[in-house]
Amino acid sequence: MNATQGLFWFLSALAIGSALMVVTSKNLVYSVLYLIVTFFAISGHYILLNAQFLAIVNLIVYAGAIMVLFLFVIMLMNLNTETEAQRKRWLKFAGAIAGGCLLLVMVATLKRADYKSYTAQTSQGDIGLINNLGMALFKEYVVPFEISSILFLSAMVGAVVIGKRD
Amino acid sequence: MNPLLLAIDTETVIAKLVLIVIVISASLVIAMYETYAERKVAAFIQDRIGPNRAGPFGILQPLADGLKLFMKEEIIPATSNKFLFILGPCLAMLTAMMTSAIIPWGNKIEVFGRTVDLQIADVNIGILYVFGVVSMGVYGIMIGGWASNNKFSLLAAIRGASQIISYELAMGLSLIALLMLTGSLSLRTIVMQQMEPGHFWNIVYQPLGFLIFLVCAFAECNRTPFDLSEAENELNFGYHQEYSSMKLGFYLFAEYVNMFISSAIMATLFFGGYDMPFVNEAALSPNVAAAVGIAALMAKIIFFIFLFMWVRWTIPRFRYDQLMNLGWRGLIPLALANMLITGAVILWLHK
Amino acid sequence: MEALTNRVKVMERKPMTFVEKIYLWNIMKGMMITLKHFFKKKATIKYPEQKRPFSPVWRGLQILNRDEEGRERCTACGLCAVACPAEAITMEAAEREPGEENLYREEKYAAKYEINMLRCIFCGLCEEACPKDAIYLSETFTPSNYTRESFIYNKSDLLIPDPKTDPQGFAKARGNRAKKEEV
């Protein structure tokens, strides 16, 4: 096992472990912090794939901005274990079933997927570098890219409209 | 030999480690003397003399301050969240120091027959790395403020965090225009371009971008006039109210390190980095050129640090709504306009 | 309501001009002002090395005076205690024994003389009331100590050094202020 593999297993364990902690920890603030750790682990995977741009954007956007907003809301509402409402039993069952279904679907797809012919290129692939990524996004996929940005714009307008109402 | 470190030999690792140690300790010493400079500048602007008892001109004052902070009693509030309470200042300091990794402190030097880059890591994503780390800096404030279990701290933390994420946007947008000009994210490439003969510093091409970046840098560093998160007279020192001893020291120190690093980044991006004007570095021997370059960069950094302090002792604090108005209604549209105009001009020139 | 004086100044609330709205120009002006102050002469007096000259009417801590031969002037008449608005002075009188003529000038003297410096307001009325020129306000100020009790000054704290044995200490304790009054 060389260093890259070691890092891969470490990051995977970190990602899965902290993702589990997100779901299981009682304190919501801890959940958010574990989620941030998860993002870090995923960014680490991106770096292993030499996709530095994706790694850093993942950090800036998710860990740096969205999670801050999550923390904001949670800290302001001051939610903790004492004030957390007891959920109903059937709700837990429903959640378990829904999650299980998702897992089933994912496993089924991944099982049939042809992943053998793709091998991850660690630290030598260059598709994740900003130059190639920019070329791909703005040449080949320019229409979907612009459409998705219009989607974001409409979401922003919607947020402003909702905020303005009262 | 593992594939990750395949291209790196032992000597490079040692050179990098030495460089890291030097850069980190230099930033810490500079941050230490920034506290001294801050007190002196404040005093001079207010027609006073400032600290002058410890050593000649009070030059040993930062050591005394540091010693005092170390000796103070360590207090962890009983109702606070202990782990997060300690994690807060650690994160603040960590993120402050991490940014120094990608700043080119000078050109190459030759030591023991080897050429050594005066930059810890010339990563492909360059300036984006700074943004990533800066956006992590919010957590130091938020976690510390929340873990203190104090309403003032929480309010200040939320103020500070929302301020930082608001101004990060304008900062990024103002930089996009610059990056369109340079076509590279790497700080070394950006400096190299500014050093080319016939090419001026980026401030000439991007004055508005620099202005926006400067204002945002003030806001990101929590400096006056944007120091709402540690407003002494409104929030009792803000998010680090419950902190004492060196944990408080780390928060204060991180602020000064941030100031140093953001000065370095501004100097690198807009003022030619280690480029000494009117001197042809290529004609000098590498080591002399590197020394000249480091001196030039340091002079620029010191000017910016002085600017930070000068502004702090001139302008009163913004009100919170003024702050948000300036960020969202002032700087972001301005930065967008700057970006559009720059793009248009670049297209027009290329035609 | 009618204006009581003609000094009322009506505030004009004009909308801000463009330059004011941009705000940067005004910041520049302000920064130039602070920069000017940066190079101005500093007002600080470096205290222990450098001292501010006292005004001739300066009123510091009290001292009990001696005459030229080093004898205490105080006769414990109590006029200072009566004059004191803060009631900071207490004293006990005693009769001079034979053989003590070189210690006390009059045949009655203050065996105990205390001033509570925490009560004292340094008004100088004791000095004015004294018929024997025995109590003075000197140029000493800002005493510091660890206990409140130590601020009740007794005779040993208050007495001026003997002009015969310690003329320098005597002159220093009297300071410039006393000299001016004697002239």
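**Chain contacts.** I looked first at which chains meet, taking contact as heavy atoms within 4.5 Å, and found that of the 2 pairs of chains that touch, chains A and B have the most contacts. Chain A and chain C do not touch, and their nearest C-alpha atoms are 25 Å apart. I note that this is a predicted model, in which local features need pLDDT of at least 70 and side-chain atom pairs count only at pLDDT 80 or more, while totals for chains, interfaces and linings use all residues. Residues are numbered from 1 along each chain as its sequence is written, chains are lettered from A and ligands numbered from 1 in the order in which they are written, and side-chain values use heavy atoms, with hydrogens and water left out.

**Chain A with chain B.** I found 27 residues of chain A and 25 residues of chain B in this contact. The buried area, meaning the accessible area (1.4 Å probe) that two parts lose on being put together, summed over both, is about 2,400 Å² here, and carbon and sulfur atoms give 78% of it. I then looked for salt bridges (a side-chain nitrogen of Lys or Arg within 4 Å of a carboxyl oxygen of Asp or Glu), and the count between chain A and chain B is 0.

**Chain C with chain B.** Here I found 17 residues from chain C and 17 residues from chain B in contact. The two chains bury about 1,500 Å² between them, with 72% from carbon and sulfur atoms; of the area that chain C buries against chain B, C:M31, C:F38 and C:K42 supply 37%, more than any other three residues. The rule finds 1 salt bridge across this interface: C:E49 pairs with B:R53, and their closest N and O atoms are 2.9 Å apart.

**Salt bridges elsewhere.** In one of them B:R223 is joined to B:E38, with the closest N and O atoms 2.9 Å apart. This pair links distant parts of the chain, since B:R223 lies in the loop between α8 and α9 (232-235) of chain B and B:E38 in helix α1 (residues 10-45), 185 residues apart. I take helices (H or I, at least four residues) and strands (E, at least two) as DSSP runs, numbered from the N terminus.

**Strands.** Two strands pair if DSSP finds at least two bridges between them. In chain C I found an open sheet of 3 strands in the order β2-β3-β5, with antiparallel pairing. β2 (89-95) and β5 (152-153) of chain C stand at the edges with a single partner strand each, so one side of each is left without a neighbour in the sheet. β2(C) is joined to β3 (residues 108-116) of chain C by 7 bridges, and C:M91 has C:Y113 as its bridge partner in β3(C). In chain B, 4 bridges join the antiparallel strands β1 (residues 106-111) and β2 (residues 114-118). These two form a hairpin with 2 residues between them, and B:F112 in the turn has a positive phi of about 50°.

**Cavities.** On a 1 Å grid over the protein atoms alone, I count as a cavity a set of points where a 1.4 Å probe fits but cannot get out, and lining residues have an atom within 4 Å of a point. Of the 29 residues that line the largest cavity, B:V134, B:G137, B:E220, B:C221 and B:N258 are the closest to its centre. α4(B) gives the largest share of this lining, 8 residues.

Terms used:
1 Å grid on protein atoms, 1.4 Å probe; cavity = no way out; pocket = protein on both sides within 12 Å on 5 of 7 lines; lining within 4 Å.
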